[in-house]
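User: Hey, can you walk me through this one? I'd like plain answers.

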Amino acid sequence: MNVVVLLKQVPDTETVIRIEADGKSIVTKEIKWIINPYDEYAVEAALRLKEKKGATVIILSVGPQRAVEAIRTALAMGADRGMLVDDPAAEGSDALGKARVLAAALSATAFDLILCGHRAVDDDENQVGIMVAELLGVPHLALAVALEMEDGKVKIDRPVEGAKVTLQAALPAMVTFGGSHAVWNPRYASLPGIMKAKKKPLDVRKLADVGLAAEQVGAGAAKVKVTAMEMPPQRKAGRVLQGDAAAKAKELVRLLHDEAKLI
Amino acid sequence: MAQGVCVITEFRDGAFRRVSFEVASEGRKLADALGEGLTAVALGAGVEAAAPDLGNYGVDKVYVVDDARLKDYLAELYVPVVADLLQNLSPKVVLVPASVDGKDLSARLAARLGAGLATDCTQLKVEAGALKVRRPLYAGKAFAWYEWAPGALPQMASCRPNVMDCRIPDPSKKAAVEKAAVSLPGATKSQVLAMQKDVKGKIDLTEAQIIVSGGRGMKGAENYAMLEELANILGGTVGASRAAVDAGWRPHSDQVGQTGKVVTPNLYIACGISGAIQHMAGMGSSKFIVAVNRDPEAPIFTKADYGVVEDLFQFLPVFTEEVRKLKSTC
């Protein structure tokens, strides 16, 4: 069984975001890059399948050269091989453009299961994985917090507003991951793992290598694009209540009721 | 020629979900700005009878597909039907709720139609006859404005729940209803096996108006009963910081932050939460923030409208009692 994990490298969640002089991108200097946390859960789930059922785990990413580091980390966790599509012509792609690159690379790879985070914590778009499923014509199970394989089918649990749903799909299928660090508890790369990862195959490809014409992706093909970025309105520290606990409680209820009119 | 605004609604358990009225209200605003009409697409089991009521929120005409198999969302059934309808209607703008199912539906539709999609928008407007939207990035650490390439139609956007103002419903206005002639695909490759309702039908954090949230300062799972009680009286729901979820005190579905839920309630009460940058990204857009923490230097106080420097174990019981008194008199 071939399990492909789509992985994006993103700024660490502790990063303080600042806007670049061009007004529509962020300052990337001194950013610490990590594997998108939700993609990391997908790597963990893939490795558990490998241990339980036997599988080849392939890491696939589209992005700049620095993404090699994120792929190597996943290889050190235990994945078998990696592929990065790094092509300047893909820069400025919208979600559909990125999905086209990934779908093209997947078309040239035998896969049974595709796994990735439901969203990347940089753009928060929640689009690319789902679009890949649509382009490849495979079912998609969203926001997995548990995953099982049974009789050639994949089964997941996912929370929706006010309920928990169990879904299943025939292979090949796409599963996107939700949950949290506490749910998936992704493993750390061990020192022997890091040593081994250096020798694992990691192909860097161009768009032409995956059979995609440059005009289909990139800024020119983007249907939607960022025209300006801005910082959120600064919240000002408000009022600090005075008195003992009882006085503060009374005052807070009064403020919320009379002034803010919230309760 | 592409014309008008079309909203995709969400119908579950015999009723439209509130997000449907939010996208309808927002759709009406955009349609008026364009000087064009507002249509809606409504799929579901038993949706036909409820469809005229979308007119209360400004919809002119609803295209319905009413079928028992459409009870729960399943991409294989919903996507081809909605994609066909949109191709026939050829709207300029398509709005979808950015709910769990709406996110799947909208991304698939965009891929199928070759359209540009902006998800989870918090502000939408029409400028020079074209859609322009604002949406948060990095869980709200920054915002970006998006525009569509010339001729890229439809312009698709999903609306973050709880953000768009709902119109005051006008019961005298009913929408025209047309049954769409479609045939649903046969056997599907994926199925919903089971749907298990949360106990007490807990309100999801992303749609809650009031959230009482607890962090590391709660000291243990058992102490969340205090927050549950307060949330109950206020008609709200309980959230948690990543520290509390990592400690196993709360389920992951309660996690607020960059690797959890981004919430926009009217009132967010943070108890024993210091305010790590990844947490503040998730709740910084709340309309009103109250912080209870015994450390006066906690970063959460820099964002709070009202700060209470107290031991929460002393403060919360007294505060809950005061709220109870207030609620029993009004």
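Predicted model: local features only at pLDDT ≥ 70, side-chain atom pairs only at ≥ 80, totals over all residues.

User: OK, which residues of α1(A) are buried?

Analyst: They are Pro37(A), Tyr38(A), Asp39(A), Glu40(A), Tyr41(A), Ala42(A), Val43(A), Glu44(A), Ala45(A), Ala46(A), Leu47(A) and Leu49(A). That makes 12 of the 17 residues of α1(A), so the helix is largely enclosed by the rest of the structure. Just after α1(A), Gly54(A) has a positive phi of about 80°.

User: How many helices and strands are in chain A?

Analyst: Chain A has seven helices and 14 strands. Helices (H or I, at least four residues) and strands (E, at least two) are DSSP runs, numbered from the N terminus. Of the 263 residues in chain A, 49% are buried.

User: What's the strand order in the sheet of seven?

Analyst: In chain A the order is β7-β11-β6-β1-β4-β5-β12, an open sheet with parallel pairing. Strands pair if DSSP finds at least two bridges between them. At the edges are β7 (140–144) and β12 (202–205) of chain A, each with a single partner strand, so one side of each has no neighbour in the sheet. Twist from one strand to the next averages 20°.

User: Which strand does β1 of chain A join through five bridges?

Analyst: That's β4 (residues 56–62) of chain A, running parallel to β1 (residues 2–6). Within that pair, Val3(A) has Val57(A) as its bridge partner. Helix α4 (residues 128–136) of chain A packs on the sheet and touches β1, β6 (113–117), β7 and β11 (173–177) of chain A. The direction of α4 makes about 175° with that of β11(A); axes are lines fitted to C-alpha atoms, for helices over the stretch in contact, and angles run from 0 to 180 degrees between N-to-C directions.

User: Switching topic: which residues touch the most other members of the largest nonpolar core?

Analyst: Val5(A), Ala74(A), Leu115(A), Val132(A) and Val175(A), in a core of 141 residues. A nonpolar core here is a set of buried Ala, Val, Leu, Ile, Met, Phe, Trp, Tyr and Cys residues joined through C-beta atoms within 7 Å. Helix α3 (residues 95–107) of chain A supplies the largest share of this core, nine residues.

User: And how many residues of chain B are in contact with chain A?

Analyst: 81 residues of chain B contact 74 residues of chain A, a contact being C-beta atoms, placed from the backbone, within 7 Å. The chain B side has 41 nonpolar, 21 polar and 19 charged residues. For those classes, Ala, Val, Leu, Ile, Met, Phe, Trp, Tyr, Cys and Pro count as nonpolar, Asp, Glu, Lys and Arg as charged, and the others, Gly among them, as polar.

User: Where do strands of the two chains pair in the parallel sense?

Analyst: At β14 (residues 239–240) of chain A and β18 (residues 306–309) of chain B, over two bridges. Val240(A) has Gly307(B) as its bridge partner there. There's also an open antiparallel sheet of four strands, in the order β13(A)-β10(B)-β9(B)-β8(B).

Key. Residues numbered from 1 in each chain as written. Chains lettered and ligands numbered in written order. Buried ≥ 20, exposed ≤ 12 C-beta atoms within 10 Å, placed from the backbone. Contact = placed C-beta atoms within 7 Å.
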